[in-house]
Amino acid sequence: MFDYLQQFNKLPKELREKVSSPAVMDVLLSLEKKYNLNLAMLVMKIMIKQLLLKNLPAYLVANMGLSPNQAEFLSKELKEKIFFSVATYLGL
């Protein structure tokens with residue numbers, strides 16, 4: 001975990017703030033409750049580009065136990081509600 005956190009903290013401040021603002025954290029908490037998952041590490045992995053957004057549904061199925069349908073819905077929600085402000089950085 002600390003490796004991800006260290007890499008995340010090396011990102012430019014403006015990028016970090018876009019995915020860790022209070023408003024975004026509220027949305028993330030809501031998604032965590034909805035899907036019963038801890039998503040903070042996932043957000044960091046995506047932001048440091050260890051996990052690509054295009055591979056997110058498969059990752060959610062293989063590593064977080066979601067059904068393919070749930071994985072698609074969560075991926076869509078994360079893209080629309082969390083990663084929209086960093087879409088260019090993530091290559092969307």
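I began with Met44, which counts as buried because its relative accessibility is 9%. I take buried as under 20% relative accessible area, exposed as over 50%, and partly exposed as in between, with a 1.4 Å probe and protein chains only.

I noted the ground rules next. The model is predicted, so I read local features only at pLDDT of at least 70 and side-chain atom pairs only at pLDDT 80 or more, while totals for chains, interfaces and linings use all residues. Residues are numbered from 1 along each chain as its sequence is written, and side-chain values use heavy atoms, with hydrogens and water left out.

**Entry: helix α4**

I placed Met44 in helix α4, residues 40-47. Helices here are DSSP runs of H or I with at least four residues, strands are runs of E with at least two, and both are numbered from the N terminus. I then asked which residues of α4 are buried. They are Leu42, Val43, Met44, Lys45, Ile46 and Met47. That is six of the eight residues of α4, so the helix is largely enclosed by the rest of the structure.

Met44 and Asn9 are 35 residues apart in sequence, and their C-alpha atoms are separated by 9.4 Å.

**Entry: Lys10**

I found Lys10 in the loop between α1 (2-9) and α2. Is Lys10 buried or exposed? Lys10 is exposed, because its relative accessible area is 70%. I checked its distance to Ile48, 38 residues apart along the chain. The two C-alpha atoms are separated by 9.1 Å.

**Entry: two residues with positive phi**

I looked at Asn36 in the loop between α3 and α4. Its phi is near 55 degrees, a positive value in a residue other than glycine. Asn36 counts as exposed because its relative accessibility is 70%.

I turned to Lys49 next. At a relative accessible area of 42%, Lys49 is partly exposed. I noted that the C-alpha atoms of Lys49 and Leu39, 10 residues apart along the chain, are separated by 15 Å.

**Entry: what Lys49 meets**

I listed the contacts of Lys49, leaving aside neighbours within four places in sequence. They are Tyr89 and Leu90. Contact means heavy atoms within 4.5 Å. Where does Lys49 lie relative to the ring of Tyr89? Lys49 lies over the face of Tyr89, at 4.2 Å from the ring centre. The rule asks for NZ of Lys or CZ of Arg within 6 Å of the ring centre and within 35 degrees of the ring normal.

**Entry: α3 against α6**

I looked up the packing of helix α3 (residues 22-35) with helix α6 (residues 68-81). The angle is about 175 degrees, and the axes are 11 Å apart. Axes are lines fitted to C-alpha atoms, for helices over the stretch in contact, and angles run from 0 to 180 degrees between N-to-C directions. That makes α3 roughly antiparallel to α6. I use under 35 degrees for roughly parallel, over 145 for roughly antiparallel, 65 to 115 for roughly perpendicular, and oblique for the rest.

From α3, the contact uses Val27, Leu28, Leu31, Lys34 and Tyr35. From α6 come Gln70, Phe73, Leu74, Glu77, Leu78 and Lys81. By class, I have seven nonpolar, one polar and three charged residues in the contact of α3 with α6. Nonpolar covers Ala, Val, Leu, Ile, Met, Phe, Trp, Tyr, Cys and Pro; charged covers Asp, Glu, Lys and Arg; the others, Gly among them, are polar.

**Entry: α2 against α3**

I moved to helix α2 (residues 13-20), whose axis comes within 6 Å of that of α3 and crosses at roughly 45 degrees. That makes α2 oblique to α3. Lys18, Val19 and Ser20 of α2 meet Pro22, Val24 and Met25 of α3. I read the classes as four nonpolar, one polar and one charged.

**Entry: Ser75**

Ser75 counts as buried because its relative accessibility is 2%. Not counting residues up to four places away in sequence, Ser75 touches Leu56, Pro57 and Leu60.
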